[in-house]
Amino acid sequence: MAAVIETQVALTVADFKGKVDPDWCPGCGDFGVLAALKAALADLNIAPHEAVTISGIGCSSNLPGFINTYGMHTLHGRALAVATGVKLANHDLHVIVTGGDGDGFGIGGNHFLHTMRRNVDLLYVAMDNQIYGLTTGQCSPTSRLGMKTKSTPFGSVEGPINPIVLALAAGATFIARGFSGEPKHLTELMKQGIRHKGFSFIDVFSPCVTYNLDNTYPWFKQRVRKLESDSSYDPTNWDAAMEKAQMWGDEIPIGKFFERTDIPALDEAEPVLDVGGPLAHRRVGIPAELARQFVEELM
Amino acid sequence: MKYTFAVGIGGAAGQGVATPGNIFAKIFARRGLHLFAYNAYQSIIRGGHTFLTIRTGPEEVTNHGDRIDLLIPLNQDCMDRHLDLLGPGAAVIYNSDSIQPNNPPDGVRLCPLSARQLSASSRNKVEQNTLAVAASLSMMGVGFQTLEEILSQQFKKKGDAVVEENISGARSAYQYATEHFEPFPTALPRTENGYAVVTGNMALAMGGAAAGVKFYCAYPMSPSTGVLHWMAAHARKAGIMVRQVEDEIGVINMAIGAAHTGVRTMCATSGGGFALMTEGLGMSAMIETPVVVINVQRAGPSTGVPTKTEQGDLWQMLGAGLGDYPRIIAAPLDIPDCFKLTTEMHNLADRFQCPGIILSDLLLSEGHASVDPKDLDFNVPIDRGELITSPNGNGEPYKRYLITESGISPRAIPGLPGYVHTVATDEHMEDGVLISDEFTDPVKRRAMMEKRQRKVAGIEAAVPPPWLTGPADADVTLIGWGSTKGVIEEAAEILTAEGITTNQLQIRWLVPLNGDTITGILKESRRTIIVENNYSGQFARYLRSETSFVPDGHIRKYDGEPFMPHHIVEAVKDQLAGRTTLSVPAHEIRV
C-alpha cells in the first residue's frame, strides 16, 4: 500500500484501492463515481502520492477514506476552501474534491461560488443525489419542487438550484455533468477535468437508492443524453452551454457543457508562485537584507 | 515621575488627523524619543470625532497617559469636547479663523493662529494642520529643519510647488509662534537612540513573516485588517501567498489546507470573524494540523463597537469549538511583544500540532509605539516540530496518528512518496481510518482522545510562568493580562510614588495558565486586584475556575476606551479606603 513508486510502470485501478472498503448502501451511485475516479487517475498515471482527495461531510464525502491517495476528510461544506489552501501551498499536487449536493451547494455554497471565480486548479466532483442521505433523507438544494422527504412531508415548496447554470454564471472554466450509471463516460470527463488547468466542475448524478425514490437509476437512464453524440455542439460556446444547461425533463444532457482555456488558473496568476517552486518546499524565513528593509521603512 | 509630553489632535474623520500625527511620530522617533499613540475613532469614513493622543518621552512610553500637554483641535467640536479637560501648563493651538474657544481652565494657554493670515495659499483645511504642527514645534523647542525634511518627503509626490507652499506656510507659522507664544518650560529632549514606529498589527504581521509564514489569508475586519494590509503590501518581496477569502469560515479552512500541506500559515480576524472560525479550529486540533489565528478583540457583543477596544473574547477563545482539544492561547503584553509572541506561537503550534491563538486587541493592534529595531529581529528560532519532509524509503506502513507518550505523532506532508494517508475530522485510528461510522470502538476512541490531550503536558512544560514585577511585599498587587501591561505599570509607579507600594502580575500565557505559579505568588500578596477591559471579569472568572483563587477586588472598564493610569490609581485608592471592591472608572473624554 505505502510502497514507493520507483519506476514508471503503468498504474492500475488496484493501485488506488483504499485501506477500507466503502460502507455505502449496496447499489449506491457513489460506487460508480469512486470506480471512475480510480480509473481516471490510473489512466493519467498519476501516482497516489501526487494526488490529494479532499471532501466535506456526508455519505459521498467518505470517499477519501476509500481511495489510495493523500486525503483530507474535512468539515461539512468546507472542502473547496481547504482544497484551495492545499493547491496554493503545493501547486504540483493534483487536487480532487468530492462531496454531495448538500455539502457543496447548501452549506458550502459560498465557497463553491468563490472557488469558481478564482479558477483554482482542481477537479470538483459533486456526487449529486438530490437528497440528504447521511441524515436519513431530507430535502437538498437540488431536490425538485414538490419532492416529498422527511423534512418536506407535504412536498417541497422551494425550487432547486441548477448547478451547471450556477457554474456557468460564476465563471467556472470546465463544466460537465456525468452519471454514475455511465462509468466510462464519467471516467473520460474526470480525465479531462483533471487535465484542465483551472477549476473543473463535474456534477454527477449519483442516485441514492435508499432515500430518493424519485431520481432513481431507471429515471436517469431513460433521460440522459450525451452532449458528445451531438457533433454540432460546441463546448467553447458559453451561450450554447447556458441553453443546454437549462434542459430538464424527458431529456437531460450529460457530458462536457463548457470549457475555456484562456483564463490563467489562480496558481498561474499569482506572482508569488512565479519562481521558487511550491511554497511547501521553500526555505522558511526572510533574508536578512529584506528584513532590514522592512524595519527601515518604519524608521 | 519620568518626563513625558502628550499631544492631542482631534477633528472629524477626513479632516486629516493622521497626517500631523504621523509627522509628530516621525519627529519624536528621529529625536530618539519613545512614543505611544492611541487614536479614538468611530466607524465612519467622513465626519464624527477622531481624537489622536500621541505621547512621547526619553524613557519607554507604555500608554497614552492621563494628560494632554498640547491640544490641536481641528474643528470647533474638538475644542468644545476637550478644552475643559486640560490642566495647568497645557496649551491649545488652533485656527482662529474658524474655531473659537470657550473660557479655558486656569493655567491653560490659548495660542490662536490665523491660517488665512499666515498662509498666502491656504486653499484647503489640511494646511491648517501643517501650520499647527509648525507652531507646536516652535513651542516644543524643535528646530524648523526637521519639519522641513519631513514635509519635503510627505509632499514629494505632489510636486515641488506643493512642497514649497507647505514649507513656506509652515515657516511663517513657526516664526509667528516663536514671536508670540511662550515655549513649553522643557524643550523636547533628544537621545542618541533610533526607533521604528510600529502598530501592533504591523508587529503581528512581521512576526509572522519572521516565523516563516508563507500563507496568510483573511477577511477584512476591524481592528485586525492592518495585519492583512502589511502582508498584502509585502507579500511579493517576502514570498508570502496572501489571499482575501469570502468569509472567515473560508479563511480558517483555507489556512488549514495550506498548513496541512506543509507551509506555515496564519490568519487574523476580530471576535465576530473568530466566531465563524470555531468549527475550523476544532478541525485543526482533530487532524492535528497547526494553525495560528490572531483575534484582535473589539468591543462586543455582536457587531458591538467596531472601533473600540475590549478584552471581552477570553471565554470565546477558551470555549471555541465543540469537544475537548489542546489549544494554546496567549495575549501579547505590548506592541513589540506582538512580534515576539507571534514567532513563539508558530513554534509551539508546529511542535504540538494544534491551534495557537494570539489574543490582541484594538489598543495594541491599532496603537503606535516606538520599537527598538533590535526587538524586530527577524532572525528568530524556527522549530517545525516532528515534520516529515523527505520520502519514506523503507516502505514501512505510516501511521499519521501514531500513539506516543508525548501525544505528538510525526507529520508527513502530502506529496511525499511512501506516506500516503487520509486525515479525518471524524474520530480515527492511528492510521487515519475512521472509527466514527460502522467501526466505532470505545477503547480506540479513548486512546485517541488521550493521545491528543497528552500534548497538554508538553505545552505546559514549554510555556514560561508569569512573574511579579515591583516590590514583593507591596501593599497592593495588580493583576492584568495582555495589553493592560503598560497602563498598570504606570499606575503602579504612581501609587508607589504616593506611598501605596504596588506590584504587578501580568499574564501573557492564558492556556496553559500556570495556575500553581500564579496562586503561589498571589497567596503572598497583601491585597489583590484584577484589572481588565471587560464587563464580567473574564480573566477573574477563568482564574477562579482554574485555581479557586478569588481576588480582593476588581477594576473593570467596558465603555470601549482603554484604561488611563489615573483610572486605576483612583480605583485602587477607593478600594483601599473600603468604598468598593468593584470599580468601574468613568471615561471622562467623550470620543
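A salt bridge here is a side-chain nitrogen of Lys or Arg within 4 Å of a carboxyl oxygen of Asp or Glu. Glu246(B) and Arg118(A) make one of these, with their closest N and O atoms 2.7 Å apart. Keep in mind that this is a predicted model.

**Where the chains meet**

That pair belongs to the interface of chain B and chain A, where the rule finds two salt bridges. There are also 17 residue pairs in polar contact between the two chains, counting pairs with both residues at pLDDT 80 or more. On the chain B side, several elements each supply at least two residues, including strand E9 (241-244), helix H9 (248-260) and helix H10 (271-286). H9(B) gives the most, with seven residues.

In contact terms, 68 residues of chain B meet 54 residues of chain A. The area buried between them is about 5,200 Å², and carbon and sulfur atoms give 67% of that. Glu246(B) turns up again here: together with Met241(B) and Val420(B), it supplies 13% of the area that chain B buries against chain A, more than any other three residues.

Ala218(B), 25 residues away in sequence, is 6.6 Å off in space, C-alpha to C-alpha.

**Salt bridges elsewhere**

Over all chains, the search finds 41 salt bridges. Here are three of them:

| Pair | Closest N to O |
|---|---|
| Arg144(A) and Asp214(A) | 2.5 Å |
| Lys191(A) and Glu188(A) | 3.2 Å |

Arg144(A) lies in the loop between E4 and H5 of chain A, and Asp214(A) in the loop between E6 and H7, so their bridge ties together parts 70 residues apart in sequence. Lys191(A) and Glu188(A), by contrast, both lie in helix H6 of chain A, three residues apart, about one turn. Lys191(A) is buried at 12%, while Glu188(A) is partly exposed at 37%. As for the chain B pair, Lys557(B) is buried at 0%, whereas Asp559(B) is partly exposed at 40%. Chain A also has a salt-bridge network linking Lys87(A), Asp121(A), Lys197(A) and Asp267(A).

**A one-sided helix**

Finally, helix H5 of chain B (residues 144-155) has 12 residues that should span 16 Å, and its end C-alpha atoms are 17 Å apart, which agrees. Its buried residues include Phe144(B), Leu147(B), Ile150(B) and Phe155(B). Down the axis, the buried residues of H5(B) fall within an arc of 150°, so they line one face of the helix.

Terms used
Residues numbered from 1 in each chain as written. Chains lettered and ligands numbered in written order. Heavy atoms only, no water. Helix = DSSP H or I, 4+ residues; strand = E, 2+ residues; numbered from the N terminus. Expected span 1.5 Å × (residues − 1). Buried < 20%, exposed > 50% of the residue type's maximum accessible area, 1.4 Å probe, protein only. Arc of directions from axis to C-beta. Contact = heavy atoms within 4.5 Å. Buried area = accessible area lost by both parts, 1.4 Å probe. Polar contact = N/O pair within 3.5 Å; in protein donor to acceptor, adjacent residues only side chain to side chain.
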